[in-house]
Amino acid sequence: MPRIAVIPGDGIGVEVVREARRVLAALEDANELGFELVDWDLGAERYLRDGVAITDEEFRALADDHDAVFLGALGDPRVPGMEHIKEILLGLRFKLDLYVNFRPCVLPLARLSPLVTIQEPFRIDMFRENTEGLYTGLGGSFKTGTSDEIVIEKDLHTRKGVERIIRAAFEYAQSQGRGRVTLVDKANVQRFVGSLWRRVFEEVGGAYPGISQDAMYVDAMVMDLVRRPECYEVLVTSNLFGDIISDLAAEVTGGLGLAPSANIHPGRYALFEPVHGSAPDIAGQGVANPIGAIRCVSLMLEYFGHQQLGERIEAGVLASIEDGTTTPDLGGESSTEEVGSWIASYVGSEST
Ligand code: NAD
Ligand code: IPM
Ligand code: MN
């Protein structure tokens, strides 16, 4: 019986997680899945109140007494230094070694994206390295605040880290019958980092002769993702490039509000969260699109072996859009709750 720590977090995180729970509850009613959800009050409020984002004890309890975390979003203008994001979200990614950041960008309906000219739906599966790169915080500043200030922020890549994310991308492509894996880097400038990623990509890719493999510079990639996104299948890249590309890939596949993600250490632990943030500009208005969070339920169900129920949620998402029950970001007039309720009643209407 999976035990899930639910952290709604800040801003629209709270609003979209409510709807994700509604959808999971509808499936629970029809299928007796036995997920145990445990509420965790972590976020900006708690940080501002107690001066601590998460204690060591809480961290241990999250890691040891739960099988996964379901997170809404973190981020609050009252915490400009993002201390609680670093401690909670990056803390979980690093300390639990959740090295795969899987971000499937699925365009369910071609007409949803004004950027896409083809008529067929398509998907781009992003594998973002999640524990290294420019996210380690290694570095420092010298003569801070003076006109001679010097800062260094290290871009750290290990052979082990590079190899395991590339292998995860190929394994996924193979298991899903995808025909192409593309490495995204900046090897024309980053000589050492680029060389490591390209050598390992070729080496690991050698074991997957049936899959077409190529590498692209990140600047050309973002251009091409706007020009012809449907040509790409599986992307694998480093932490920062993955962060940047995933918002773009989400947008060209219907919108940032639609995109889910899973941070995984295979076989050990997972953290599910929509790709979007806490969106302070629309928080509290009841207009946030809950689909990214609802699709996280789908990823979570698949992770725990309920493939068909995950697909049922995807079908519910598509049906809600076709029905015109959408939030304003997709051109509709429905509220967050109306979209969540619509999808919940769709998935609960029939047991699978
Ligand atoms: P954001 O993703 O919160 O918002 C970017 C834009 O997209 C905004 O205009 C917002 O209104 C819109 N948007 C995002 N999600 C939406 C949804 N579900 N429905 C409709 N519109 C949506 O990015 P930001 O404004 O740069 O960041 C806000 C805060 O969130 C920052 O503190 C940032 O650090 C944090 N953040 C957290 C996470 C996370 O917790 N996983 C991810 C990204 C950003
Ligand atoms: C994401 C977010 C995070 C990241 C921030 C909030 C630290 O943008 O999950 O995409 O950069 O990884
Ligand atoms: Mn991001």
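How many salt bridges does the rule find across the interface of domain 1 and domain 2? The rule, under which a side-chain nitrogen of Lys or Arg lies within 4 Å of a carboxyl oxygen of Asp or Glu, finds one. D97 pairs with R164 in a salt bridge whose closest N and O atoms are 2.7 Å apart.

This is a predicted model, in which local features need pLDDT of at least 70 and side-chain atom pairs count only at pLDDT 80 or more, while totals for chains, interfaces and linings use all residues. Residues are numbered from 1 along each chain as its sequence is written, and side-chain values use heavy atoms, with hydrogens and water left out.

Domain 1 covers 1–103 + 256–352 and domain 2 covers 114–252, with bounds from an automatic or database domain assignment. Their C-alpha centres are separated by 24 Å. At the interface, 14 residues of domain 1 are in contact with 21 residues of domain 2 (heavy atoms within 4.5 Å). The two domains bury about 1500 Å² between them, with 56% of it on carbon and sulfur atoms; this is the accessible area (1.4 Å probe) lost on putting the two parts together, summed over both.

Turning to the side of domain 1 that touches domain 2, helix 4 (83–95) and strand 4 (100–107) each supply at least two of its residues, as DSSP runs numbered from the N terminus (helices H or I, at least four residues; strands E, at least two). Strand 4 gives the largest share, four residues.

Definitions and conventions:
Chains are lettered from A and ligands numbered from 1 in the order in which they are written.
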